[in-house]
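Please open the structure in your viewer and keep the sequence beside it. The tour below goes from one selection to the next and says what is found at each stop.

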Amino acid sequence: MLATVALAMVACTSNGSSENDNAEQANVLQVDDVLEQAESLVGDTITLEGVCTHTCKHGARKIFLMGSDDTKTIRIEAGDFGAFKPECVNHIVTVKGIVAEDRIDEAYLQAWEAQVATAGGEEHGESKTAGCDTEKKARQETANTTEGRIKAFRDKIAAQMEAGGKDYIAFYHIEAIDYSIEE
């Protein structure tokens, strides 16, 4: 029992950390947790950390953080600071930001089709497969053309509606306020 008390006293005084530091560390979410709770976190300011797997090649305005495996990834968008540093990749990054929801519904898909028809869409990604490969992987998309992506979204919405669900698909991202790279 004395050993337990001694250990507790050492833990409370080691590294000069305060209760506030411990509370802040306890409030840091992992990517898996954010993805599981995203719907209830929309609009909340959170702190999360994960391994950065990709920095957007178009000015580093986006990064992707991976959770426990590469099927659990979330997009982080740069806030007022404008861009992420390239050295984020392959490092643990801690982000403070606001959870946001992206809804894909029929109106969104029709607007996308109209944009494609007028060839006004921004080309994005590192391949010619209609979109950023990293973002498509984060969304668990498999289609390799814009038309295929739109059809796949329509199919998912229809299946969800048939099961008594929502008339849209929701994806979540973080609008970063601040970030740091673990050295």
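Which residues is Asp-102 in contact with, leaving aside its neighbours within four places in sequence? Select Asp-102 and, with contact taken as heavy atoms within 4.5 Å, you will find Arg-75, Arg-139, Ile-169, Ala-170, Phe-171 and His-173. Asp-102 belongs to strand 5 (residues 92-104), where helices (H or I, at least four residues) and strands (E, at least two) are DSSP runs numbered from the N terminus. The side chain of Asp-102 also makes a polar contact with the side chain of His-173, at 2.9 Å; a polar contact is a pair of N or O atoms within 3.5 Å, of which, within protein, one must be able to donate a hydrogen and the other to accept it, and residues adjacent in sequence count only if both atoms are side-chain atoms.

Before going further, note that this is a predicted model, in which local features need pLDDT of at least 70 and side-chain atom pairs count only at pLDDT 80 or more, while totals for chains, interfaces and linings use all residues. Residues are numbered from 1 along each chain as its sequence is written, and side-chain values use heavy atoms, with hydrogens and water left out.

Colour the model by pLDDT, the predictor's confidence in each residue from 0 to 100: the mean for the protein is 80, and 79% of its residues reach 70 or more. Over residues 1-23 the pLDDT is below 50, and this stretch has 2 contacts in the model beyond near neighbours in sequence. Residues 123-129 also have pLDDT below 50, with 17 contacts beyond near neighbours in sequence.

Next, select Leu-48, Leu-65, Ile-74, Ile-76, Val-93, Val-95 and Ile-174, which touch the most other members of the largest nonpolar core, a set of 19 residues. Such a core consists of buried Ala, Val, Leu, Ile, Met, Phe, Trp, Tyr and Cys residues joined through side-chain atoms within 4.5 Å, where buried means under 20% relative accessible area, exposed over 50%, and partly exposed in between (1.4 Å probe, protein chains only). Two or more residues of this core come from each of helix 3 (31-41), strand 2 (45-55), strand 3 (62-66), strand 4 (73-77), strand 5 and strand 6 (169-181), and strand 6 gives the most, with 4 residues. A second, separate core of 8 residues includes Trp-112, Phe-153, Ile-157 and Ile-169.

Turn now to helix 3, in which Val-31, Asp-32, Val-34, Ala-38 and Leu-41 are buried. These buried residues pack against strand 1 (28-30), strand 2, strand 3, strand 4, strand 5 and strand 6. Just after helix 3, Gly-43 takes a positive phi of about 90°.

Two further backbone stops lie in loops. Ala-60, in the loop between strand 2 and strand 3, has a positive phi of about 55° although it is not a glycine, and at 11% relative accessibility Ala-60 counts as buried. Asn-90, in the loop between strand 4 and strand 5, has a positive phi near 70°, but Asn-90 is exposed, with a relative accessible area of 65%.

Finally, select Leu-35, Ala-138, Arg-139, Ala-170 and Phe-171, which lie nearest the centre of the second largest pocket among its 16 lining residues. Strand 6 gives the most to that lining, with 5 residues.

Conventions: 1 Å grid on protein atoms, 1.4 Å probe; cavity = no way out; pocket = protein on both sides within 12 Å on 5 of 7 lines; lining within 4 Å.
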